[in-house]
Amino acid sequence: MRIKSALAAAAIVALAAGCGGGGGGGTSESAKPGEPVKLNFLSLAWQKESVAANKQLVEEWNKANPAIQVTYVQGSWDNVNDQLVTSFEGGDPPDVIHDDSPALSGFASKGYLLDLKDKVPADLKSDIPQPAWDTVTFDDGKGNQGVYGVPFLQESQVIIANKKLLDAAGVRIPTSDNPWTWDEFAEVSKKLTKSGAYGVAWPMKSPVNKTLNLALNFGGTFFQTEGGKTTVKVGPEEKQVLQRIHDQLYKDKSADTSALGMGTADPLPGFFAGKYAMLPVGVYLRQQVVEQAPKGFDWVTLPPLKGTSSDQGAVSQTLSVAADSKHPDEALKFISFFLNGPNQAKLAKGDWLLPTSTKAAADPVMTTKENGWDVATASGKNLVVAPFLKVNGFDEWKSKVATPVLQQYFANKISIDEAAAKLVEDGNKTLERYQR
């Protein structure tokens, strides 16, 4: 999921202080007779609207539940896992923990998180589709599959487009029920490319998650597991999206090569100026378009592209319960309230992401046409568990192998076959160390 901006040094201090002693931080003390149970909730919300929604829900809970009081502890995505390791090993973690699903596997295997498999209330469990639960289901290190968090926010890749340029070119505006195919997207991109302007910009400073998630459009998984051993796979299915993006850059010349080194939001000034007609990006970027677009700028959110399917890989933001919590039942009651349908809608709107809750997805605030919420929310039905989420050693493969290789490939310095060979050969050497 996207990398969040640093909150401030104060957030680090708040988390460290919040996970200390004195009842203000980590695992709460057992309640004395007549006193309320006290829980600590580590939140990683960082945007102003999202933080406000989190705090509002905690306040609502505390007013309605005097016997179970929750303390909001502000954390930061930038250092949360290091902070959590320290608190877990010190036996003083927060009771309720906000994180994302890639982090849960390691914590689960070390016994730091409570297995929620048979503990999630039926109404909450049934409200969240199984593909989202798959993103929080991991091996406990002893060969058993457990559920180590409740998934509540996800991200899809959509296309943000200049409506004026699309209309001027007379192209078909795709809908969620009738999206563009990758072939149509290529043709539209060429049609929108004029002197000094491009149909599309592909910001590829961090190319791995974007391309791996989109590869599922053609059934590309990049990893395969046989006999308990996981290896890297780059065959025809995995090459589809890689080749199509490369073709736009160097064959069709409908994508600007100078955008390759950009981060996700960096092309926005060019987008507003008409240099780029379309940006394939995460749904959350709509917020920056709303905040930064010039007055009168007409833009539209377009649905995910379709290959053999419109499937995309997804991870989830999650709420977990620390295994050392003295009040796990009360923690789950709070989570069930915090992540019910109406509340998930508030949280998703605050973060400009997609709720996992089917009730939240049907909420009017999630289906309005304003700012493309209807298209964004509809794209959630195409999300499936990202194959790399279950791969031990993925982070090292991503940073040391896949990122430099894909950057070389998109810069046209190596061929797709050379890229595939490096991803597989160097990748398998990396993964081997995690499977001994």
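Analyst: What follows is a walk through the sheet, strand by strand, and then a helix beside it.

This is a predicted model, in which local features need pLDDT of at least 70, side-chain atom pairs count only at pLDDT 80 or more, and totals for chains, interfaces and linings use all residues. Residues are numbered from 1 along each chain as its sequence is written, and side-chain values use heavy atoms, with hydrogens and water left out.

Start with the order. The open sheet has four strands, in the order β8-β11-β7-β12. Their pairing is mixed. Strands are DSSP runs of E, at least two residues long, and helices are runs of H or I, at least four, numbered from the N terminus. Two strands pair if DSSP finds at least two bridges between them.

Now the edges. β8 (198-200) and β12 (299-302) stand there. Each has a single partner strand, so one side of each is left without a neighbour in the sheet. On average, neighbouring strands are turned by 20° against each other, direction ignored. Axes here are lines fitted to C-alpha atoms, for helices over the stretch in contact, and angles run from 0 to 180 degrees between N-to-C directions.

Look next at β7, residues 157-162. Four bridges join β7 to β12, and the two run antiparallel. Within this pairing, I160 stands opposite T301 in β12.

Finally, the helix. α8 (residues 182-191) packs on the sheet. This helix touches β7, β8 and β11 (276-282), where contact means heavy atoms within 4.5 Å. The direction of α8 makes about 145° with that of β11.
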